[in-house]
Each structure stands twice: as C-alpha cells, then as structure tokens.
Amino acid sequence: MADDVLGFVGLGQMGSRMAARLLDAGHALVVFDPVEAAVAPLVARGARRAASAAEVADLSDTVLASLPTPEVVRMVGLGPDGVLSGQRARRFVDFSTTGPRVAQQVAAAFLAQGRTSIDAPVSGGITGAEKGSLAIMVSGPREEFERLEPVLRVMGKPFFCGEKPGQAQVLKLCNNLLAAAALAISSEAIVMGVKAGLDPSLMCEVINSSSGRNSATQDKFPRAIIPRSFDFGFTTALSHKDVRLCVEEAEAMGIPMVVGSAVRQMLAVTSASFGPESDFTSIVKVVEQWAGVEVGGA
Ligand code: NAD
C-alpha cells in the first residue's frame, strides 16, 4: 500500500486540502476535477492530471474521492466514465457524505468485479482537512481498512466503524445532524439574549462554562458569527443535504425525527433566504431577521 499510486477525484474545499497533504507526505497522486482551477494548484505541486475519473482509475491503485452529493458519487463510481470502468484501481475510498444507500450500492458493484469500495466520511471541516486532524469514519472489510490506515493517518484519525457498507455513513449523518441542530438551537438562544441586551461573546463564554455548551457556542459563534465573517467553510447546501439524508434514512428505518425535521426546515429557509452557497452559519441570520437584531459585529 505504501508504494501504491493514489488517485483523487473531487478537489473542492475538502479534497484539495486532503490531496495536498498526500503530496506533502510523498505519495504519487493522480487527480481529476471538472473545474480546472481546482486541478492546477495540485499539478503545480507534483500531481499528475487525468481527464476523467476512469483515467484516474487507469493510472492508480487506489482511488480516493471527495464529492458533493450521492448522485455525483454514484456517477463517479459507477457511471460510464467512472472509477469502475478504469482498469487498474482495485480500491475506491469515498470520503464524501452521501448516506448509506449509495455506499451500499457502490460497494456491491465493486464487489461484483472483485474490487473493494470503502465508505470513509470525514468530520473536522476545512481546518481539519488542512491540518490532517479529520475524524475519518470507515466501514468495509477490516483487512482493507488495515491496509489503508497509514494513508488515512496522513489526513486524520481513522475510526473503524464496521464491516457493513454504509455503517460509517450512518455515523457521519448522526454527527452532522447533531452539529446542525446545535447551530440552529444556539442561534435561537443567542439571538434571544442579544435582543435582551446581552453581549453575545459573554453569552458564549458563560454557556461554554455551563451545561449548554456545544460545537456552535464553542467554535462557530466565536469564529464565524460574532465577527460576522460567515466563513466557517461549510455551505448551507451541504448541511441541508446531510440533514435531509439523515431524516430520510431514519424515516426509512421507522424512526421519526421530530427535532431533526425542524432543523432540516431551518436549513431550507436559510437556503431560500441566503442561497445554497451561503455558509451554513447564515442560519443565525434567519433568526436575526425574525427578531430584528444582529449578533456581534462592530
Ligand atoms: P466542494 O463542493 O467544495 O467540492 C466538491 C468537488 O467535487 C468540486 O471541486 C467539484 O468540482 C467536484 N465535482 C463535482 N462533480 C464532479 C464529478 N462529476 N467528477 C469529479 N469531480 C466533481 O465540497 P466540499 O466542501 O469539499 O465537500 C465534499 C464532501 O465532503 C461533501 O460530501 C461534504 O458533505 C463532505 N464534507 C465537507 C466538509 C466541509 O467542511 N466542507 C466537512 C466534512 C465533510
């Protein structure tokens, strides 16, 4: 595995940073993304350019991917110009958040050809991708996980979640539901405090020393909301996709998600008001508009 040529498909916010770390660690890397501006910086750092996902799979042993939606993962994995039509790669490792169903479908198609597909969704955002401190949740054959572990360690901390395809995806959806719920409910709480005349930084400081602390009050408010930079690095579209996938998957399993459905609606409103490409911390602006106050700033 150490001498394997690696491929990387999908060089966006996350993929570009993960691929850069692999190059810095000395791995031979073949890359593809339809957006030229995403490819050029990695080629300048020594990666080899491919013209399609299939060509990446022709030129590498293991293809890694970080893609936006389940539909794109299905196309990149199984489509006409996809990884499965490449001749050389034996292994497909998907870091995207896509839900368990597409992971199961892709794994079954790879297995039918005597190859392996592993779902390995990540958490930790662009900072984690840059610093190599992502939590990497992996499901698939354990011996494949063990072979892959040194490569994964370049990008973060791998956790083996189970042999069944899609198990890591379920865990990732649970995590992102919690992160979005914390952001939505903290937005309601902090906006209420600001309308009552409280300082939002003081509110976060007190909450973070109290029982209400969470990833929004500890990180998103101080870093991207109170300074009004709204640059946490995760789009409303992606968060909405994750929560939608989570609620739909739970429903299919016979688990109604009442709170999860409300969080999904808050993300839909944020997307309609500020656009799908807005940073998902924009969720606070929805509550601000209703309340007629603004959190933080000068
Ligand atoms: P992004 O939109 O920045 O990147 C996606 C990349 O995929 C883009 O460069 C795009 O050009 C490329 N792409 C689209 N269609 C393609 C195709 N057919 N073939 C090849 N490449 C294609 O998204 P991102 O923020 O990097 O997120 C990627 C995945 O990681 C998503 O599933 C997301 O949910 C997950 N994720 C993101 C974060 C985050 O903080 N941004 C954190 C954890 C997980």
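Figure 1. At 24% relative accessibility, Arg-17 counts as partly exposed. Partly exposed means between the two cut-offs for relative accessible area: buried is under 20% and exposed is over 50% (1.4 Å probe, protein chains only). This is a predicted model, in which local features need pLDDT of at least 70 and side-chain atom pairs count only at pLDDT 80 or more, while totals for chains, interfaces and linings use all residues. Residues are numbered from 1 along each chain as its sequence is written, and side-chain values use heavy atoms, with hydrogens and water left out. The side chain of Arg-17 meets that of Glu-130 in a salt bridge, 2.9 Å from N to O. A salt bridge here is a side-chain nitrogen of Lys or Arg within 4 Å of a carboxyl oxygen of Asp or Glu. Arg-17 sits in helix α1 and Glu-130 in helix α6, so the pair ties together parts that are 113 residues apart in sequence. Helices (H or I, at least four residues) and strands (E, at least two) are DSSP runs, numbered from the N terminus. Glu-130 is also partly exposed, at 48% relative accessibility. The structure holds 14 salt bridges.

**Figure 2. The salt bridge between Arg-88 and Asp-61.** These two side chains meet at 3.1 Å, N to O. The pair links distant parts of the chain, 27 residues apart. Arg-88 is in the loop between α4 (70–78) and β5 (91–94). Asp-61 is in the loop between α3 (53–59) and β4 (62–65). Arg-88 is partly exposed, at 35% relative accessibility. Asp-61 is buried, with a relative accessible area of 19%.

**Figure 3. A salt-bridge network at Arg-91.** Asp-4, Arg-91 and Glu-144 are linked in a network of salt bridges. Within it, the side chains of Glu-144 and Arg-91 meet at 2.5 Å, N to O. Glu-144 lies in helix α7 and Arg-91 in strand β5, 53 residues apart.

Figure 4. A kink of about 55° lies at Glu-149, shortly before the proline Pro-150. The bend at a residue is the angle between axes fitted to the seven residues ending there and the seven starting there. Buried residues of α7 include Glu-144, Phe-145, Leu-148 and Glu-149. Val-151, Leu-152, Val-154 and Met-155 are buried too.

Figure 5. Met-18 is in contact (heavy atoms within 4.5 Å) with Phe-8, Phe-95, Val-122, Ala-129, Leu-134 and Met-155, leaving aside neighbours within four places in sequence.

**Figure 6. Leu-245 in helix α11.** The helix covers residues 236–252. Leu-245 is buried, with a relative accessible area of 12%. Beyond neighbours within four places in sequence, Leu-245 is in contact with Pro-70, Thr-97, Thr-98, Gly-99 and Leu-173.

**Figure 7. Gly-260 in helix α12.** The helix covers residues 258–274. Gly-260 is buried, with a relative accessible area of 7%. Not counting residues up to four places away in sequence, Gly-260 touches Leu-177, Val-243 and Val-247. Gly-260 and Leu-177 are 83 residues apart in sequence and 6.9 Å apart in space, C-alpha to C-alpha.

**Figure 8. Two annotated domains.** UniProt (unreviewed entry) places "domain: 6-phosphogluconate dehydrogenase NADP-binding" at residues 6–161. That span is 46% helix and 23% strand. The UniProt feature "domain: 3-hydroxyisobutyrate dehydrogenase-like NAD-binding" (unreviewed entry) is at residues 166–286. Residues 166–286 are 72% helix and 0% strand. UniProt positions follow the numbering used here, feature names are shortened, and annotations may be inferred rather than shown by experiment.
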